[in-house]
Amino acid sequence: MNILIANVRNLESAELKVLAGELSKKHSVTVCSLEGSARQKGNAFSYSGFPIKYKQISNYVINGTRIPAYKFQGTPADMISIMLGNIMKHRKPQLVICGISNGISLGTDVFCSSNIGMAMQAAFNNVPCIAVGVPMQLGGHKEADLLPAAQFIAKNVDKFAKAKLPTDTFLNVTIPIVKKYDDFQGVGISSMDNLTKMTRYLEKVDCKGNKYYWAQLVERDSSASADVSPTAGMSYFKKNYIIMAPLTYNSTDVAYLEQMQKEVLK
Amino acid sequence: MKILLTNEAGCFHPGIVALAKELCKDHRVCIVAPLTKQVGAGHSLTVDQRPLHAEQWFVLDNVKIWSVDGTPCDCVALALDKLLLDKPDMIITGIDPVNNRGNMIYTSGVVSTAIEGAIQGIKSIAVSAVIANEKKERAYRKVAKFVARRLEFLAKHTPDYGVLNVNFPEKVKPKNIMPTHLTDGLLDNEYEIEVNPFGSTFAWLKSPLMEFGLDAYEQKADLYWLKQGYITMTPLKLDLLKGEAVTALQKAGIKL
């Protein structure tokens, strides 16, 4: 199978290498990555009138196999758009795998997540797509820690590609870090809603007396107006279950719309 | 009402200024918007790259203007956490001179800021229009007047934990209002590859906006109604989980 793996950290990151290593054993894999950090870029797109710089890496080798690799300077969504719209236009991948992301996207985190942004972009292009994330580790994970997650993806890759999901849907797969594959307890389908992180700021003053602000992600304040309830998804995840959530890019609130139509068109 | 205004085009953009001038007649308004143009910024946030700076500029008709040297969503998050003294009752984003409909909403800073506002628990409305002469404040006046006059109506139809995406057609007729859903359009971006004199490769986007096929009009969603000259209103939810896909996913037999 022809698979595209996309990552936002860099081509040398353990997250990308472990996944590409496992998948390239049986499949034809192409990898692409951004240069430098690109956290929380969401679906940002360079409409600015500037072109996107990219480079094909000729000597990218994993486990002795040479793999086509590209690195980009742009946004995550740009990268997927160029890969599918130009570089792989005539040999479209049967599956796009975004990740493994160092950090998971729960609830409304999906709007600003770079990994989900890439997955959504692939869904816009009508290519089956999964976004894979593991809990965040500052500085990145070791390859050995990520191996069980990569093995799970490699084992089910055909099923992911052939799952007959609606065209506006992609999968968000959240995998716990375990020591060995047997430690996984099972696979569940669930929403991971309402346990989202909020952006708050740390205020500081520089040597000239100017204020500046560092963004930090904190747990949602329980006093926020939306009701907060821990979902089943998260409690199972903590017991080493892998959680899959089918997400759509069509966010129209249909029930609310029907009510609105009745009132407005009266 | 206390209203926070923001956009993706910058804090001095005529679209946001026109809106502020109309809204400040009856409400307490504050602008917190990016310092520079951030078209296509989507929901990006400046996190571990660098810190943010905010600056307060002149006061226009009682409207305080703040700029933030970051993305549109940085502006909302920073305004709510640090810059504003009181929590606003409502966030209005725009006026964007380009319509944000269909799947394009995710790359739009205007809709994304409204989503960020809703995530933070505040009623948010995204306003976009079709403005030929983007630089002229006068061109936005009709849309700004409509928003100010019908604010109560718009607020009433904004979901509590969601966003109201309002698009205006080229010729605004205040009576033509249509609540409708997002058009599902597929993306087929084309790029042209160029090698510069230093031997580096670049990809140029050839079609700058999402192209909708003919079937997109048949869906009779926002794209169709805008073409028919209607003001479209689309309620957006924050939970993207697709319940209908669960059965298909179960059938796929994904297991350990």
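Strand β4 of chain B, which covers residues 63-68, is largely enclosed by the rest of the structure, because 5 of its 6 residues are buried. Here a residue is called buried if 20 or more other C-beta atoms lie within 10 Å of its own, exposed if 12 or fewer do, and partly exposed in between, with the C-beta atoms placed from the backbone. The strands and helices named in this text are DSSP runs, at least two residues (E) for a strand and at least four (H or I) for a helix, and they are numbered from the N terminus.

The model is a predicted one, in which local features need pLDDT of at least 70 and side-chain atom pairs count only at pLDDT 80 or more, while totals for chains, interfaces and linings use all residues. Residues are numbered from 1 along each chain as its sequence is written, and chains are lettered from A and ligands numbered from 1 in the order in which they are written.

Two strands are said to pair if DSSP finds at least two bridges between them. β3(B) and β4(B) form a hairpin with 2 residues between them, and in the turn Asp61(B) has a positive phi of about 45°.

Asn240(A) has a phi near 70° and is found in the loop between α5 (232-238) and β13 (241-248) of chain A, where it is partly exposed, with 15 other C-beta atoms within 10 Å.

Where are the cis peptide bonds placed? In chain A, such a bond joins Gly99(A) and Ile100(A), with omega about 5°, and Ile100(A) belongs to strand β7 (residues 95-102) of that chain. In chain B, a cis peptide bond joins Gly94(B) and Ile95(B), with omega about 0°, and Ile95(B) is found in strand β5 (residues 90-96) of chain B.
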